[in-house]
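Please look over the model shown below before reading the report, and keep it open for reference.

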Amino acid sequence: MSLDWTALGQVAAVSIGVTVAVVVVFALGILGLARYEDAREQNGTSAVALTQAGLCFLACAAVVAYGIYLIVPQFH
């Protein structure tokens, strides 16, 4: 019986950890967009900020796509 609770606790811990990680990466993407917009307002460009935002959003999309792949049995 305790083995079932241990497995549930592990799943909950991994789920919370991955959720926090995705939120942090998404927030870094938003920060990159904000830096890019600030640079544009000052008549400059910031390729680094735009690249940061793009990579962060791409990573989030990949995590979501992988989650959908795991959930939908037709993809296996």
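The structure is a predicted model, and the protein in it has two helices and zero strands. Its radius of gyration is 18 Å, which is well over the 11 Å that the globule rule gives for 76 residues, so the protein is more spread out than a compact globule. Along the principal axes, the C-alpha trace spans about 65 × 30 × 15 Å. Of the 76 residues, 12% are buried, and the protein exposes about 5900 Å², with carbon and sulfur atoms supplying 73% of that area. Among the contacts with a separation of 6 or more, 47% are made by residues 24 or more positions apart.

A pair of aromatic rings is described by the distance of the centres and the angle of the planes. A search of the whole structure finds two such aromatic pairs, and the table gives the values for each.

| Pair | Distance of centres | Angle of planes | Class |
|---|---|---|---|
| Phe26 and Phe57 | 5.2 Å | 55° | tilted |
| Tyr66 and Tyr69 | 6.3 Å | 25° | stacked |

The pair of Phe26 and Phe57 counts as tilted because its planes, at 55°, fall between the cut-offs of under 30 degrees for stacked and over 60 for edge-to-face. Phe26 lies in helix 1 (residues 2–41) and Phe57 in helix 2 (residues 47–71), so this pair ties together parts that are 31 residues apart in sequence. Phe26 is partly exposed, with a relative accessible area of 42%, and Phe57 is likewise partly exposed, at 25% relative accessibility.

The pair of Tyr66 and Tyr69 counts as stacked because its planes, at 25°, are under 30 degrees apart. Both Tyr66 and Tyr69 lie in helix 2, where they are three residues apart, about one turn of the helix. Tyr66 counts as exposed, with a relative accessibility of 52%, whereas Tyr69 is partly exposed, at 35% relative accessible area.

The last part of the report concerns the backbone. Most residues other than glycine have a negative phi. Asn43, although it is not a glycine, has a positive phi of about 60°. Asn43 is placed in the loop between helix 1 and helix 2, and with a relative accessibility of 76% it counts as exposed, the cut-off for that class being over 50%.

Technical notes:
Residues numbered from 1 in each chain as written. Predicted model: local features only at pLDDT ≥ 70, side-chain atom pairs only at ≥ 80, totals over all residues. Heavy atoms only, no water. Phe/Tyr/Trp six-rings, centres within 6.5 Å; stacked < 30°, edge-to-face > 60°. Helix = DSSP H or I, 4+ residues; strand = E, 2+ residues; numbered from the N terminus. Buried < 20%, exposed > 50% of the residue type's maximum accessible area, 1.4 Å probe, protein only. Rg over C-alpha atoms; globule rule 2.2 N^0.38 Å. Contact = heavy atoms within 4.5 Å. Areas by Shrake-Rupley, 256 points an atom, 1.4 Å probe, with all protein chains shown as cover.
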